[in-house]
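Welcome! Please take a moment to look at the sequence and the 3D view before reading on.

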Amino acid sequence: MAALTPYTYIRCPCSDVSAPGRPLDGSSPMAAAADDNGAGDDDDRTFDPRAPRSNYSLYPLEYLLYCEDCHQIRCPRCVAEEIVSYYCPNCLFEVPSSNLKSEGNRCTRSCFQCPVCLGPLAVTSLETKPDPSLLAAPDNAAAPHAGPYALTCSYCHWTSAEVGIQFEKPNGIHAQLAKLRNGGATRLTAKERKERRKDPAYRTQAAAAPAPATAGGEEGGPSSSAEVLDLETQFANLKAFYQGQLADPNSADSGLAALSDLGFSSPTSLSRIMSIYTGGGWQDKKAKSRVGAMREALEPDEGLQPARLDESAAIDRLRSEGHGATASAAQLRDQPPNLGEAHLHGRARFASELRPIPYLLRTKRSKRCPVCRHIISKPEAKVQTTRFRIRLVAGSYIPSIAVRPLPLSSSSSSGSGGSASGPAVVPGALLEPLRPAHYLLTFKNPIFEPVRVTLGAPARTPGRFASKVTVLCPEFEIDANTDVWDEALKESGERDRDKDRRRRRGEEGGGQSSSNNPHHSQLEVGKIWERGRNWVSIVVEVVPASLRLAPGDPPLREDEDVLEIPMFVRVEWEGEAGGDDVGAAAGRDAAKEAREKRELAYWCVLGLGRIKQT
Amino acid sequence: MSRRPPRGEYIETDTGNKVARKATLVGTQNIMLGGKTVIQPDVMIRGDLTRTVHAAAPQPASQSATGAPPNNTAVSIGRYCFLSRGCCLRPPGRLYKGVFTYMPLRMGDHVFVGPGSVVQAASIGSHVHIGAQAVVGEFAIIKDYVRILDGAVVPPNMVIPSFSIVAGQPARLIGEVPEGGLEAFELRDLYKTVGNNPQPVPP
Ligand SMILES: [Zn+2]
Ligand SMILES: [Zn+2]
Ligand SMILES: [Zn+2]
Ligand SMILES: [Zn+2]
């Protein structure tokens with residue numbers, strides 16, 4: 001079992017149905033239930049980190065943002081994202097959003113991923129045998145080598161030549177690839193398609209020869225008596241057929257006039273569907289005035305494509321080449337749609353059908369508060385810069401909580417628990433059931449005001465295995481953060497600070513400072529363990545539950561052996577008032593002097609470690 | 001061999017670099033350190049793998065005039081980098097116009113290279129964290145604020161844009177560095193915890 005590093009996850013208020021500030025749908029059953037049992041006050045309920053709902057609301061501090069207007073934590077789940085810019089993760093060129101509509105959401109600048117392993121593909125000349133260790137950079141290919149070229153993976157050594165895709169030029173690969181089918185046949189252009197439709201000689205020829213796209217192995221299937229259309233050709237044929245139908249006034253001759261207007265074969269439905277799939281703008285005004293049904297496509301050049309259900313060729317190939325020649329589900333999922341392909345039915349999903357994947361574009365996104373709509377994070381639009389215009393991260397507003405095991409020798413323990421006799425805790429070690437263990441929680445204050453922290457934790461953890469929890473010092477103050485310059489100046493006065501720290505530790509919780517060596521501090525209820533410039537450490541004592549199951553109990557679920565403590569944190573401080581828009585006009589003068597009491601409260605969960613299974 | 005018995009584990013330079021005596025730096029004249037960089041024991045830096053083909057020498061005139069050797073930097077490292085025990089920095093090499101040559105490996109500031117990792121990238125930005133036992137393939141380009149998790153194998157020539165978290169073999173994007181995760185790349189505090197006079201880890 002993997003060792004577990006202690007962690008702290010913080011719960012965003014957005015998951016709390018009764019939380020104020022979240023627009024509630026009054027009719028939602030959750031909201032109603034929350035009102036019914038009067039559990040509107042968050043403080044009254046213990047948060048259960050194991051509840052299925054908690055999966056969606058717990059985040060490490062780094063992932064949380066903070067809205068200065070609502071004075072509330074915001075998480076990736078509740079913020080509203082807006083795309084600032086699109087870029088290719090390989091060539092790092094920004095793609096204007098106008099291009100997205102025409103070119104799609106993939107890079108068109110010859111950036112490709114390997115269809116087998118998703119590694120980057122490089123253009124290599126097929127003339128000189130590509131040496132995998134020297135595979136390379138674009139100018140390597142541009143140098144004296146001659147074509148043909150292929151895309152080669154520098155990780156798994158897949159090459160597009162394997163699937164019969166080669167290029168004449170080393171540049172403009174995206175455009176070249178768009179015209180090529182696997183096996184090397186070229187994709188039909190619109191013009192060619194039109195010509196073929198007109199030319200009866202082609203059809204007989206096509207019937208005799210297998211479809212180019214399936215050259216891999218489906219020769220001789222009985223279906224080859226009918227023309228095999230690729231997706232694009234079929235679509236073009238169908239479109240032409242239906243357009244002809246709509247334009248033809250004689251098609252409106254069905255008897256079932258009233259009913260058929262709702263069916264697929266009615267002119268109105270058809271023109272509506274056509275305008276969806278052909279990008280709008282295609283409106284048949286006449287159709288609205290006409291009623292009646294139209295006939296369906298009957299021939300390949302009208303777009304009829306009978307399903308080819310004979311898979312014997314694919315089965316034969318599977319027999320000869322084995323499972324290894326097929327593409328995995330993940331590989332097929334990563335494939336971009338390719339309109340030049342044959343129909344889905346009859347395709348056998350062999351690895352020879354995989355194509356290089358143009359890189360999906362990535363985005364830079366700004367984030368808005370879901371409640372007040374203020375922007376709380378906004379990166380610079382330029383791809384190559386990492387600066388932010390706005391970046392309100394929760395880490396600059398709420399204290400961070402670091403958890404680490406506290407090794408205690410049995411001699412130094414006394415006071416509170418009295419039973420603190422566990423062996424030194426090695427990080428990642430398993431917790432002994434029923435034996436007290438101690439953890440040090442270090443709270444670090446990021447703001448420039450001193451804060452008062454109040455902690456609440458249930459005495460027993462929720463869930464099947466209830467461990468005992470004692471927070472030895474649930475109330476304390478943390479000094480204000482100071483800026484970097486102060487810190488640098490203080491660096492020299494390190495020793496003074498140490499003395500100061502010890503003194504203050506003694507003061508808190510009513511004297512009785514029996515020890516003045518910070519390394520042998522004693523466990524005492526109500527006393528902080530250690531204090532620094534803007535941080536405070538306190539001790540939590542846990543008695544891990546036994547994981548022993550009674551006969552008939554369901555087995556341990558995943559991570560049920562992790563000792564997790566839900567903890568309610570309340571932070572109070574006095575901030576400068578007047579920062580709010582509300583009532584700014586009225587009380588501006590008063591606000592200048594007034595210090596405003598601020599408070600922020602939230603649940604968090606401390607993951608301490610795994611309990612040993614006995 | 002030393003007349004001064006108390007020798008620290010590290011050599012600390014004027015610019016604040018802390019280089020372990022047990023690190024292997026080959027071709028030191030071709031290794032540039034920006035300062036405040038930690039090089040732990042058993043680290044290997046191959047400064048001897050210099051460029052042999054000079055594509056377009058920047059100032060051919062001045063070189064021939066002074067007779068100074070061309071700029072042969074093989075590995076350049078910025079400030080506050082941390083090279084953990086047993087990692088290896090090796091300039092990438094390839095054929096250029098038919099001749100094999102190494103190209104320089106450049107590394108920005110605040111780059112952490114985990115123990116046992118091998119780095120052959122062409123460039124690594126600033127604020128980059130490379131985990132333990134990772135491999136960064138030849139000519140990879142890693143931008144700023146990138147996290148490469150333990151054991152990842154970054155394929156040769158891969159470009160990893162800023163704010164990426166990559167993992168796996170081959171490495172692929174598994175997440176984005178959140179806005180609040182930028183400060184964690186700072187290595188100033190870590191720098192202080194290593195050397196002949198290490199400071200305790202701040203809380
Ligand atoms: Zn949220
Ligand atoms: Zn690109
Ligand atoms: Zn590959
Ligand atoms: Zn807000």
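## Terms and ground rules

Donors are N, O and S atoms within 2.8 Å of the metal (3.2 Å for Na, K and Ca), and water is not among the atoms, so sites may look incomplete. This is a predicted model, in which local features need pLDDT of at least 70, side-chain atom pairs count only at pLDDT 80 or more, and totals for chains, interfaces and linings use all residues. Residues are numbered from 1 along each chain as its sequence is written, chains are lettered from A and ligands numbered from 1 in the order in which they are written, and side-chain values use heavy atoms, with hydrogens and water left out.

## The zinc ion (ligand 4)

Along the chain, the donors of the zinc ion (ligand 4) follow the spacing C-x2-C-x298-C-x2-C. They are the SG atoms of A:Cys67, A:Cys70, A:Cys369 and A:Cys372, at 2.2 to 2.3 Å from the ion.

A:Cys372 is partly exposed, at 25%. Here buried means under 20% relative accessible area, exposed over 50%, and partly exposed in between (1.4 Å probe, protein chains only).

## The zinc ion (ligand 1)

The zinc ion (ligand 1) has A:Cys12, A:Cys14, A:Cys75 and A:Cys78 as its protein donors, each through SG, at 2.1 to 2.3 Å. This site is tetrahedral too, with angles of 104 to 113°, and its donors are spaced C-x1-C-x60-C-x2-C. A:Cys14 sits in the loop between β1 (7-11) and α1 (29-36) of chain A, and A:Cys78 in the loop between β4 (72-74) and β5 (80-87), so this pair ties together parts 64 residues apart in sequence. Strands (E, at least two residues) and helices (H or I, at least four) are DSSP runs, numbered from the N terminus. Both A:Cys14 and A:Cys78 are buried.

## The zinc ion (ligand 2)

At the zinc ion (ligand 2), the SG atoms of A:Cys88, A:Cys91, A:Cys107 and A:Cys111 are the protein donors, 2.2 to 2.3 Å away. The angles of 104 to 115° make a tetrahedral site, and the sequence spacing is C-x2-C-x15-C-x3-C. A:Cys91 is partly exposed, with a relative accessible area of 22%, whereas A:Cys111 is buried at 4%.

Methods
Tetrahedral: all angles 85-135°; square planar, octahedral: opposite > 155°, others 65-115°.
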